[in-house]
Amino acid sequence: MSNSLDLRPLGNTGLKLSSVGFGASPLGSVFGPVSDEEAIATVREAFRLGVNFFDTSPYYGGTLSEKVLGKALKAVGVPRNEYIVSTKCGRYKEGFDFSAERVTKSIDESLERLQMDYVDILQCHDIEFGSLDQIVNETLPALQKLKEAGKIRFIGITGLPLGIFSYVLDRVPPGTIDVILSYCHYGINDTTLEDLIPYLKSKGVGVISASPLAMGLLTESGPPEWHPAPPELKAACQTAAAFCKKKGKDISKLALQYSLCNKDISTILVGMKSVEQVQLNVAAATELVKGDKDEQTLAEVEEILKPVKNQTWPSGIQQI
């Protein structure tokens, strides 16, 4: 395992996560088909380059992501204590169900698909679509029992609107929640997660940030049709991407590097489904460690995105 990626502590868990995390939703063939061979090669390359954190959910690809990730991890054969796996509960192909009964059953199903005895982190998936009071009073106590049973080591919550995190954290005993996963709120176009970090630190909660490319906004090819961003935000990101391309730069790489610069965030999760994607993402991080950041282009992109900075969108049910 190479050490080109820095390892960062995750809240009070004692876990140290690679700064680039492996988002396994693409292994569920949600962005086009991925063969088992391809998945295994991708996961093997991730290990080789120092990635030690893998994130999935039963929702991704209707359980396929978990199955394929489990198969790949098994095939690669790295000792279980050398990597960290996070999966989720409460969101399924069939819809949302945060009941104690469902999440308790859910972890057993996930462990079977992943071919594991335990996961390091179990997160309630996209809690804004459920009742936050149910999360506090029913879901989290059920997860606490799973922790005592040794099926999970740590507990997390995920979602888009940042307000959900403090709502829940203010209503549970300290130490109930070990980690939050936020997405699309720490990148060149939106840094609102930053305002929440001192609060999360005060609660001893680790921070994972996903989607540094804002679900495709910060890419040359642009976001998928269903992307819920307002038109002016889409347009500004398109302008920024075209500007980078003209300069011979890749906006996605710049965006990932921007997100990696905040050391208070333990890991930046990026969806990956090919050896080449793993190599590009790790190379972007390695460049930063060497101090090769393109400050000039970054400043120019920030200038283009200034008028739409921190514009977000309501949580919609995305079809993935």
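Visitor: What makes H1 oblique to H2?
Guide: Helix H1 (residues 36-48) and helix H2 (residues 64-76) pack at an angle of about 60°, their axes 9 Å apart. Angles under 35 degrees count as roughly parallel, over 145 as roughly antiparallel, 65 to 115 as roughly perpendicular and the rest as oblique, so H1 is oblique to H2. Axes are lines fitted to C-alpha atoms, for helices over the stretch in contact, with angles from 0 to 180 degrees between N-to-C directions. Helices are DSSP runs of H or I, at least four residues, and strands are runs of E, at least two, numbered from the N terminus.

The model is predicted: local features need pLDDT of at least 70, side-chain atom pairs count only at pLDDT 80 or more, and totals for chains, interfaces and linings use all residues. Residues are numbered from 1 along each chain as its sequence is written, and side-chain values use heavy atoms, leaving out hydrogens and water.

Visitor: Which residues in H1 and H2 meet?
Guide: Asp36, Ala39, Ile40, Val43, Arg44 and Phe47 in H1 meet Val68, Leu69, Lys71, Ala72, Leu73, Ala75 and Val76 in H2; contact means heavy atoms within 4.5 Å.

Visitor: What makes H8 roughly perpendicular to H10?
Guide: The axes of helix H8 (residues 251-260) and helix H10 (residues 295-305) cross at roughly 95° and come within 11 Å. That angle makes H8 roughly perpendicular to H10. Ile251, Leu254 and Tyr258 in H8 meet Thr297, Leu298, Val301 and Glu302 in H10.

Visitor: Why is the pairing of Glu66 and Arg113 called a salt bridge?
Guide: A salt bridge is a side-chain nitrogen of Lys or Arg within 4 Å of a carboxyl oxygen of Asp or Glu. The side chains of Glu66 and Arg113 meet at 2.6 Å, N to O, in a salt bridge. This pair links distant parts of the chain, with Glu66 in helix H2 and Arg113 in helix H3 (residues 100-114), 47 residues apart. The whole structure has 19 salt bridges.
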